[in-house]
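Please read them alongside the sequence and the coordinates.

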Amino acid sequence: MLPIQSHYPLTKLNTFGLQSYAEQFLRIESIEQLQECIRNPELRAMTWSLLGGGSNLVLAELVHGLVLKIDLLGKTLVAEDADAWYVQAAAGENWHQFVQWTIAQGWGGLENLSLIPGTVGASPVQNIGAYGVEIKDVMHELKAVHLHSGELKTFTHDECRFAYRDSFFKQEGAGLWCIVAVTFRLAKEHLAKTSYGEIEQELATQSLAINAANIAKAVIAVRQRKLPDPAVLGNAGSYFKNPIVPNQIAQTLKQQYPGLVLYPVDANHSKLAAGWLIDQAGWKGRQLGPVGMYQRQALVMVNHGGASASDVKALEKEIQLAVQQKYQVTIEAEPISWN
Ligand code: EPU
């Protein structure tokens, strides 16, 4: 018998702290257990939602169907060659703890991604990224189970189709695959990425030599200063994606607003800092009901207490409208919504 629980509270299982219940809930602790669920016609008749660290989600007050909490654990060095270590972690491993463990082993490469909330299994879905590094730069391959057939498939890097905060698993593969393990290729010739201004500055201020452990230290310090700790103030990280626009639009806006922050993407496109747009539209630190935009980083929506999905959606619309009216730019929500 599978230990399925009804009307299970999810408020503590999402970093936003939104009021939410799962109609049905089950913890998955092995691949075999997941495959057993897939073979069970009664369970298959329900809508399934896969829950990792719950750090990139807007949960409805009642999530219909079955919520599977992916609690697969384990991390190990699976291979090594002259150039790299290949390190695998199961999907349920806590991302930050995994990153710190690799650094403690002397394997650099993931340090810029320190302190990102969530689990290893969720990290490729939205191609998490910070301070000049994205999962796509370090992932070797991953293993996922097909939710209809139970097939265990290895996905190559190409098959994951990574893009900015996006992948196959957020697009065509959404709802069809459960990522169960991810393997990272950590180069032995460590390439420190410190070009992101704030990190470079933090290393200098703390007089830290450039190595993986110190970059992690600097990233942690910067994140702790700027981003709210979900344990204290509920949030799902950046609430909006930075919009990518044609260069012509970016340049016109830059003439109008010289302070506008933008980054080149390719020959024809630039990425605008949505945090700056929201800040300059007057929303930094402002609240609407129990939610608001964080006072130190306007891109992060925070839950001041007792919020539910409808409060989040109301503020999302308000901000989108303000940015659209002021800059004629559309910004998209970054977290995934569950109904
Ligand atoms: N800015 C403002 N006001 C604000 C916020 C930002 O003027 O209230 C300006 C900053 O001064 C800076 C620029 O906007 O010049 C960019 O800000 P920041 O460096 O904080 O980065 P971001 O573009 O807002 C992205 C990621 C973060 C990641 C940082 C660092 C997205 C959606 N967000 O934020 O990722 O930590 O870069 O690499 O791409 C996340 O995805 O949840 C997340 C936190």
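1. Which polar backbone atom lies 2.7 Å from an oxygen atom of the ligand? In this predicted model, that backbone atom belongs to Tyr 131, a residue that is also listed among the closest to the ligand, together with Tyr 164, Tyr 196, Lys 226 and Asp 279.

2. The protein covers 82% of the 830 Å² of accessible area that the ligand has on its own.

3. The ligand is surrounded by 23 residues, which divide by class into 11 nonpolar, 6 polar and 6 charged. At least two residues of this shell come from each of strand E8 (129-130), helix H5 (212-226), strand E13 (234-238) and helix H7 (274-280), and H7 makes the highest contribution, with 3 residues. In terms of domains, domain 2 (75-187) and domain 3 (234-333) each provide at least three residues of the shell.

4. A separate point concerns Glu 202, which is located in helix H4 (residues 197-205). Is this charged residue buried or exposed? Glu 202 counts as buried because its relative accessible area is 8%, under the 20% limit. Its side chain forms a polar contact of 2.8 Å with the side chain of Gln 206, and, leaving aside residues up to four places away in sequence, Glu 202 touches Ala 218, Ala 221, Val 222 and Arg 225.

Technical notes: Residues numbered from 1 in each chain as written. Predicted model: local features only at pLDDT ≥ 70, side-chain atom pairs only at ≥ 80, totals over all residues. Heavy atoms only, no water. Near = heavy atom within 4 Å. Polar contact = N/O pair within 3.5 Å; in protein donor to acceptor, adjacent residues only side chain to side chain. Areas by Shrake-Rupley, 256 points an atom, 1.4 Å probe, with all protein chains shown as cover. Helix = DSSP H or I, 4+ residues; strand = E, 2+ residues; numbered from the N terminus. Nonpolar A, V, L, I, M, F, W, Y, C, P; charged D, E, K, R; others polar. Domains from an automatic or database assignment. Buried < 20%, exposed > 50% of the residue type's maximum accessible area, 1.4 Å probe, protein only. Contact = heavy atoms within 4.5 Å.
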